[in-house]
Amino acid sequence: MAAIDNTQISNILNALTPTGGTAGFPSAFTAMAAGIMKLRLNSTLSTASAAGTELATQTSGYTNGTGWALGTTSSTASSAGSAVGVPFITQSFVSNGSPTAVVSFDLESSASVRGFWGPFNGQPVNVASGNTFQVVGGSGAAAGIQISLT
Amino acid sequence: MSDTAQEPAGWQVLDPDGNVVAAGPQTVLDASADAGQEQ
């Protein structure tokens, strides 16, 4: 399963190959907005071409359109090809029961541009009203979502 | 001593008392692993 948004796949490929406007040059890489990235949670499965259906605003901890802002602490940066773990700090919300299932996520810029996406392992995750859903945070390999290009 | 590898936790569902009622392993996005296999 490819886990990168199609636009980003082309962004990476074109920046690392001689596809630029000047013959033989690489294309410019389009960086994400310099702002706090976020995790968007969905009740349906995201794909490489589009995000799933975002959760509605919950009792607490999750607001539709805002998602989980990851601004408290940055993830540990990749080094020598290592994976990046997301989130660094555990993120959680208290469910209002609508919907009751969490299926997938999208890692987005502050401007809601998608980078990576994926289904939660074991999805759909049913979260009854009043219960808390959380994605485990941690440094590097301890985080609940591991993103790798190798 | 157990030789069973402990799979890192990825997500949890807690009841209002903080008890874990469900949990799942990490979600691993290996973006290049299945390159060429996608239909």
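Where does A:Pro87 lie in chain A? I found A:Pro87 in the loop between β3 and β4 (91-94). Strands here are DSSP runs of E, at least two residues, and helices are runs of H or I, at least four, numbered from the N terminus.

I noted that the model is predicted: local features need pLDDT of at least 70, side-chain atom pairs count only at pLDDT 80 or more, and totals for chains, interfaces and linings use all residues. Residues are numbered from 1 along each chain as its sequence is written, while chains are lettered from A and ligands numbered from 1 in the order in which they are written.

**Cis bonds.** I looked up the bond joining A:Val86 and A:Pro87, which is cis, with omega about -5 degrees. The bond from A:Gln123 to A:Pro124 is also cis, with omega near 0 degrees. A:Pro124 is in the loop between β7 and β8 (125-126) of chain A.

**A:Val86.** I checked its contacts (C-beta atoms, placed from the backbone, within 7 Å). Leaving out residues up to four places away in sequence, A:Val86 touches A:Ser75, A:Leu107, A:Ala143, A:Ile145 and A:Ile147.

**Positive phi.** I found phi near 55 degrees at A:Ala80, which is not a glycine. A:Ala80 is in the loop between β2 (68-69) and β3 of chain A. I then asked: is A:Ala80 buried or exposed? A:Ala80 is exposed, because it has 4 C-beta neighbours inside 10 Å. The cut-offs are 20 or more other C-beta atoms within 10 Å for buried, 12 or fewer for exposed, and partly exposed in between.

Methods: Two residues are in contact if their C-beta atoms, placed from the backbone, lie within 7 Å.
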